[in-house]
Amino acid sequence: MAEDVQLPSKKTNRNKPIRITTKEAADMQWELVRTWKPKSDVWPFKYGGGVVACTTAMVGAYYNNYYRRITKLKHIGLVSTFLPAVFIPSTFTALVHLKWISSDILIQKTQCPVCVELRSVFFQVTLGVAYPLIITPLTSFLLASRFYTYDVPPFLPIRGYIGHWWKITKPLTNRIHITIVLQAIIAAVLTFCQYNSIDKVNKKLDEISFAH
């Protein structure tokens with residue numbers, strides 16, 4: 001798909017759009033972010049992926065430790081539960097935010113900032129809260145059943161498994177609510193800062209263009 005993108009350049013008529021693909025437009029904008037000075041103008045883009053990844057990793061690590069403690073795994077299968085609970089969701093959260101939020105803002109693909117902000121919140125809560133709550137007990141139960149550290153209920157019928165999952169998860173209810181709110185706030189604030197950042201960059205580009 002091609003997009004009409006305004007390219008401010010000394011050699012280009014600023015009012016004449018150049019037709020390029022969405023990916024090319026995003027690549028050009030990311031190159032602008034990487035080389036922009038001062039870096040403080042574009043920090044939400046440079047560090048945004050790291051921010052969402054860290055918050056997702058912390059939540060995943062907390063839930064991972066909780067379910068490992070319940071299932072008495074101790075040092076058994078540390079890597080086996082760490083990868084799906086912490087590493088994978090944090091990495092995926094960063095990639096999703098960079099692709100579907102940051103790049104979208106940079107090329108102004110979605111003309112509804114509130115829509116992008118809500119999308120960001122949805123991704124962050126889903127990957128940073130819902131996913132760990134599903135995957136961490138599952139991996140812990142699988143290891144516990146293999147090494148006989150905990151009396152794991154049969155996975156079928158599923159109603160019995162869900163009932164047991166809720167029984168041991170219920171004490172976390174208040175903390176789950178807190179993590180949902182915190183993840184939503186972090187995603188919303190970061191997205192807001194990214195919009196402010198690109199607005200600041202565009203204004204400075206306009207000033208440079210008009211000066212020449």
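**Loops, cores, cysteines and a cavity**

User: Where is Pro38 found?

Analyst: Pro38 is found in a loop with helix H1 (22-35) on one side. This is a predicted model: local features need pLDDT of at least 70 and side-chain atom pairs count only at pLDDT 80 or more, while totals for chains, interfaces and linings use all residues. Residues are numbered from 1 along each chain as its sequence is written, and side-chain values use heavy atoms, with hydrogens and water left out. With helices (H or I, at least four residues) and strands (E, at least two) taken as DSSP runs numbered from the N terminus, the loop of Pro38 is the one between H1 and H2.

User: What is omega for the peptide bond that joins Lys37 and Pro38?

Analyst: Most peptide bonds are trans. The bond that joins Lys37 and Pro38 is cis, with omega at about 5°.

User: Which residue does a cis peptide bond join to Pro157?

Analyst: Pro157 lies in the loop between H4 and H5. Omega is about 0° at its cis bond, and the partner there is Leu156.

User: How far apart are the C-alpha atoms of Gly77 and Pro38?

Analyst: Gly77 lies in the loop between H2 and H3. Taking contact as heavy atoms within 4.5 Å, and leaving aside neighbours within four places in sequence, Gly77 is in contact with Arg68 and Leu143. Gly77 and Pro38 are 39 residues apart along the chain, and their C-alpha atoms are separated by 45 Å.

User: Which residues is Leu172 in contact with, leaving aside its neighbours within four places in sequence?

Analyst: In soluble globular proteins, nonpolar side chains tend to be buried together. Leu172 is among the residues with the most contacts inside the largest core. Its contacts beyond those neighbours are Tyr62, Tyr63, Tyr66 and Tyr67.

User: Which cysteine does a disulfide join to Cys112?

Analyst: A disulfide is a pair of cysteine sulfur atoms within 2.5 Å, and a search of the whole structure finds 1. The link is right-handed, with 75° about the S-S bond. Cys112 itself is partly exposed, because its relative accessibility is 27%. Across an S to S distance of 2.4 Å, its partner is Cys115.

User: How far is the sulfur of Cys193 from the closest cysteine sulfur?

Analyst: Cys54 is in no disulfide, and it is partly exposed because its relative accessible area is 48%. The sulfur closest to that of Cys193 is in Cys54. That is too far for a bond, because the separation is 16 Å.

User: How many residues does H4 give to the lining of the largest cavity?

Analyst: On a 1 Å grid over the protein atoms alone, a cavity is a set of points where a 1.4 Å probe fits but cannot get out, and lining residues have an atom within 4 Å of a point. Points are joined across faces, edges and corners, and a volume is the space filled by probe spheres set on them; the structure holds 1 cavity of 30 Å³ or more. Thr93, Val96, His97, Ser120, Phe123, Gln124 and Leu127 line the largest cavity, and the elements giving two or more of them are helix H3 (78-107) and helix H4 (113-147). H4 gives the most, and its count is 4 residues.

Key:
On a 1 Å grid over the protein atoms alone, a cavity is a set of points where a 1.4 Å probe fits but cannot get out, and a pocket is an open set with protein on both sides within 12 Å along at least five of seven lines; lining residues have an atom within 4 Å of a point. Buried means under 20% relative accessible area, exposed over 50%, partly exposed in between (1.4 Å probe, protein chains only). A nonpolar core is a set of buried Ala, Val, Leu, Ile, Met, Phe, Trp, Tyr and Cys residues joined through side-chain atoms within 4.5 Å.
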